[in-house]
Amino acid sequence: MNVQERLIALHHLDVPWKPADMIQREGRLLRQGNLCDKVYIYHYVTEGTFDSYSWQVLEKKARFVQSFLSGIATSRDEDEIDDTVLRYSEIKALAIGNPLIKQRVETANKLDRMKVAFRTRQRELLDLREIVSQHPGRINLLTEQMSVISKDIKLYAANRLAIPMEERQAFGEELIEALKDNYKKDKERLFDEYRGIEVYLPMNMTFDKSFVVLRTAYGGHYTVEIDMAKPLGCTQRIDYMLEHLPDKLSLLRTRKRDANKRAQTAQAEIDRGNAYQAEVDVLIQNLERIDNEIKRREEAENQERKAHK
């Protein structure tokens, strides 16, 4: 019989010395295969006893382990604080038996969590500002590319005359022979003109990938892979690329529309700012108020002890 399948509650009657021991205990309950939808974990502490020291030791060890595993053992600006560590500190405060200390620990833990949220939001805002700052340049580039392709579509349509099969075959054979002699050339070379568009033999070409570069008078630049075994297929592949220029234009229009939408959304988020800043400020003030009250009570207790001596 596997009792771990039906564990519903765990009671910590003492404090282990290592965080791993605590994880192992709770792992019996928090595991795949447990048939219970909800489980409960109980911690028992006694006020004003050695329990507070034990929980403090466990908290320090857990903080070190969590920092080490996060790669921030030497960093003073931790981006993540494990909830387990904060839970240990709260239990430690309970064991001390001072409600004000407990309030301070809870406030400090909440402040730590809020600082993490604040820094995460700050990083998000930085990314959003970058999107907005790069938006004009991105739109200008897309607009220029759309203009070039629109002109190339008209150029291809104006020169799309019927070409006899014999000429297409001869063009392909000559192109394949030229590509065979184009292995790792140090510069691009003009091969011929096809339908008003210049066909170039590329530089640094390797035999495992043969291709040509189409260049138009308007600045268009298109790459077409060539099957070295099919001369007649050379012009077919070039025509296929040019016939699908409207698809490229449609894709650029979609990208431009998406870029505008993304920039608008980013700007709206930037305008919202970082809502966590106000919460962090309030918690800092609350923590300062609690610290002042603790200090005031300690001074009053010291004065009272001196008066009784």
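Predicted model: local features only at pLDDT ≥ 70, side-chain atom pairs only at ≥ 80, totals over all residues.
View 1. To find Ala229, look in the loop between β6 and α6.

**View 2. Ile163, a partly exposed residue in another loop.** Here we visit the loop between α4 and α5 (165–180), where Ile163 is found. Ile163 has a relative accessibility of 27% and therefore counts as partly exposed, since that class lies between 20% and 50%. Leaving aside residues up to four places away in sequence, Ile163 touches Arg168, Tyr194 and Arg195. Thr235 is 72 residues from Ile163 in sequence, and the two are 9.9 Å apart in space, C-alpha to C-alpha.

**View 3. The contact of helices α6 and α7.** Helix α6 covers residues 231–243, and its axis lies 4 Å from that of α7, at an angle of about 35°. On the α6 side, the residues to look for are Met241, Leu242 and Glu243; they meet Leu245, Pro246 and Lys248 of α7. Sorted by class, this contact has four nonpolar and two charged residues, with no polar ones.

**View 4. The second largest pocket and its lining.** This pocket has a volume of about 180 Å³. Its lining is made by Gln145, Val148, Ile149, Gly219, Gly220, His221, Tyr222, Lys248 and Leu252. At least two lining residues come from each of α4 (99–158), β6 (221–225) and α7 (245–272), and α4 gives the most, with three. By class, the lining has four nonpolar residues, four polar and one charged.

**View 5. Confidence along the chain.** Across the protein the mean pLDDT is 83, and 80% of the residues reach 70 or more. Strand β4 (residues 197–201) has the highest confidence, at 97, whereas helix α3 (residues 83–96) has the lowest, with a mean of 54. Please read residues 72–82 with care: their pLDDT is below 50, although the stretch has 21 contacts in the model beyond near neighbours in sequence.

Definitions and conventions:
Residues numbered from 1 in each chain as written. Heavy atoms only, no water. 1 Å grid on protein atoms, 1.4 Å probe; cavity = no way out; pocket = protein on both sides within 12 Å on 5 of 7 lines; lining within 4 Å. Points joined across faces, edges and corners; volume = space filled by probe spheres on them. Nonpolar A, V, L, I, M, F, W, Y, C, P; charged D, E, K, R; others polar. pLDDT = per-residue confidence, 0-100. Contact = heavy atoms within 4.5 Å. Axes fitted to C-alpha atoms, helices over the stretch in contact; angles between N-to-C directions. Buried < 20%, exposed > 50% of the residue type's maximum accessible area, 1.4 Å probe, protein only.
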